[in-house]
Amino acid sequence: MSNTVHPKHMRLGTRSCAECRRRKVRCVFPNERPPCQQCALRSIPCTAQEPGRGNRSSERLSGGDGQLKPRLAAIESNVRDIGAGLGLTVESSALTTPPHASLTTHGVEIYGGAEPMPSTRSTPDNTTLSAAPGEPDAADVGHGFEDAPLLALFKAANITEEPHPASSQHSINFNADAIHMPNPLMLQDDDLLTVLAATAHYWQIWPPWQYGIQTPTIRTLQAGDIEFAARFLSNMASSNDPPVAAKALLWLSLCLQQAPKTLQFSSRTMLPEKLLDFHMQTADSLLASAAWTGETLHGIEARLLQHKLYVDMGRPRQAWLCVRRAADGALLLRLHRAQAQERGGREAAIWTQIWHLEKVLALILGLPSTIPSPPQRDGESGIPLHTLHHRMCSLAASIGDRDQSSQPSYPATVRIGQELDECRAIMPDSWWHEPPRLETPFAELYAQQAAKVQYFLLVKLLHIPFMLKSSTDAKYEYSRVSALAASRAMINAYLSLRRSGRGTFVVCELLDFQAFSAGIVLIINLLSPASEAGLADDCGEDWRLTDALTTSLRRTDGLMQCGVARQAAEVLGLLTQAARGAYSGPEKYDVVLPYFGRITIALSQGQQTGHLGLEACRQQAAPFGTVEFGTNPFDLHLPGDAEGELGGDWSSMANLDFSFDWTQTFAFDNHMP
């Protein structure tokens, strides 16, 4: 019998390269030729699988020593990592590392004797790389990995191992000369440090999956150590675990999005806008490829970072889709059953954020919520702000259920309004009314003002459908008063945030839009004939708030180049001019506001009317100017091009024909020449 060894035939129809086949991930060739997407992302050779004949064992030996040694080194490295994770010392000359020797991987230098980095995987250069620095992999912890038969056998075989005391001082040292991953995924070293330094103060208000996480065993970014943060993110971005690399790229995307527009980059770096898009597309591709191998906590956390980016971009639909994908993965991992005291609370915190976000976004988009509101956990009931968030999100679902009804009930509206009043009592009156103090830490100030904006947004969305009917039916006066009070309070909370130093530069176009929508409510009330018979103090306050909001939005656009703030300031400015009889805009101004409806300002060359009501204007020859509003109070969805969502051109759909359940026209006498 011949001893000749033959490689095995490739499976018929296969197109995967050797590396993707080894890593068991989807292999995609964007240009129908090598390199594939995965190999291009990691800057490694993309080689086809070798055809041939023979059995599997002979295939693995067919390459001779040149292929056998790297494979053996990878196996030895994995065994060493398993032993280290179990607290065992593996006595093998092939597996031991000299006490002062070091392994360098993509610019990360891990010295002998340092704390082993969990969830390590073999890299193309046969070294090991952590899936996330100092953090256990989600697929390993809590999902059966610790009881895997191979590990049980390995532990049993080493049961007589001499005890190895754990070191009380662990350290991970990084090579400061190589902190970036292969170009062009990462910023150049100096640019990376500059972006991180410019945005570190905002990390604490972002999702806590990289910074500020409560679990003490998970290594996170430190705002005071920018160089460590750069090495930390570079290490993550170079991970062989796609969700971990995606988390790093998405965090850098948040930094790029928040960075001042005046920040200067080196000529070697791609433009920040293009780099942001590239990072987000790459991260999405990584998460899509990882979906084939099952859900992990890292992947779910990455989806929540995606949600934050889309919210800040003014794209609530995309944000909602990210939350839905995160919810699907969380349900598959049974995170809805996680308890706050389990595994440091990480899983429970993820699920809490998912269902909170899903309730509020579904209400804003006019969609039904599909996640039941869970009871509040014992560990959260002692923190008033957590209790407030829990109650608010549960009531958001109640408002959404009312809106989805074929005949929305006003008694149900009154009942939910009373529950919102009870919810407000969770926090003291001083918390609601007093402006934030100058010495208040920024993270605390942001949490307080954001909670206020969310609460008053719920009150406004609850009452505005019936407020619009109050001009013809006095029984809805309660809703009119409540919607106006909530709009005033929401604008005040928004302005307090924007005037708080660092709050001036916070990028969040959805927040800008919600404050603008509160301004629209005030303008509708100011234009209505009923406002002339109202209290002068209320009208004066509404004018002051509207002017201050318009000024703040213009400033935000000037500092951060926000499309939502720019268009919102323009609409408010023209409406204010019309309401004051000083309109200087185009003869016909027509815009379709996302998640609201249509606003049309039209001038006429007829007789001036002295700011009469619509009926009085009809008795004259012609009104000099009119402002027309149209909306569907219980269904804010508008058909048409939603590619840009809130940030799109609001005048682009002006020529489309919409039908609205509520329309009202107000006339004004223009004093402009």
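Here are a few friendly notes on this predicted model, taken one topic at a time.

1. Let's start with confidence. The protein chain has a mean pLDDT of 76, and 68% of its residues reach 70 or more. Among the elements of the chain, helix H14 (residues 410-424) has the highest mean pLDDT, 97, while strand E2 (residues 108-111) has the lowest, 28.

2. Please read two stretches with care. Over residues 85-184 the pLDDT stays under 50, and the model has 167 contacts for them beyond four places in sequence. Residues 607-623 are also below 50, with 32 contacts in the model beyond near neighbours in sequence.

3. Next, an annotation. An unreviewed UniProt entry places the feature "domain: Zn(2)-C6 fungal-type" at residues 16-48. In the model, this part of the chain is 36% helix and 0% strand, and its end C-alpha atoms are 7 Å apart.

4. The buried residues include Phe228, Arg231, Phe232 and Met236.

5. Finally, have a look at Arg498, which sits in helix H17 (residues 477-498). Is Arg498 buried or exposed? Its relative accessible area is 3%, under the 20% cut-off, so Arg498 counts as buried. Its side chain makes a polar contact with the side chain of Asp512, at 2.8 Å. Leaving aside neighbours within four places in sequence, Arg498 also touches other residues, among them Phe505, Cys508, Ser552 and Arg555.

Technical notes
Residues numbered from 1 in each chain as written. Predicted model: local features only at pLDDT ≥ 70, side-chain atom pairs only at ≥ 80, totals over all residues. Heavy atoms only, no water. UniProt positions renumbered as here; feature names shortened; annotations may be inferred. Helix = DSSP H or I, 4+ residues; strand = E, 2+ residues; numbered from the N terminus. pLDDT = per-residue confidence, 0-100. Contact = heavy atoms within 4.5 Å. Buried < 20%, exposed > 50% of the residue type's maximum accessible area, 1.4 Å probe, protein only. Polar contact = N/O pair within 3.5 Å; in protein donor to acceptor, adjacent residues only side chain to side chain.
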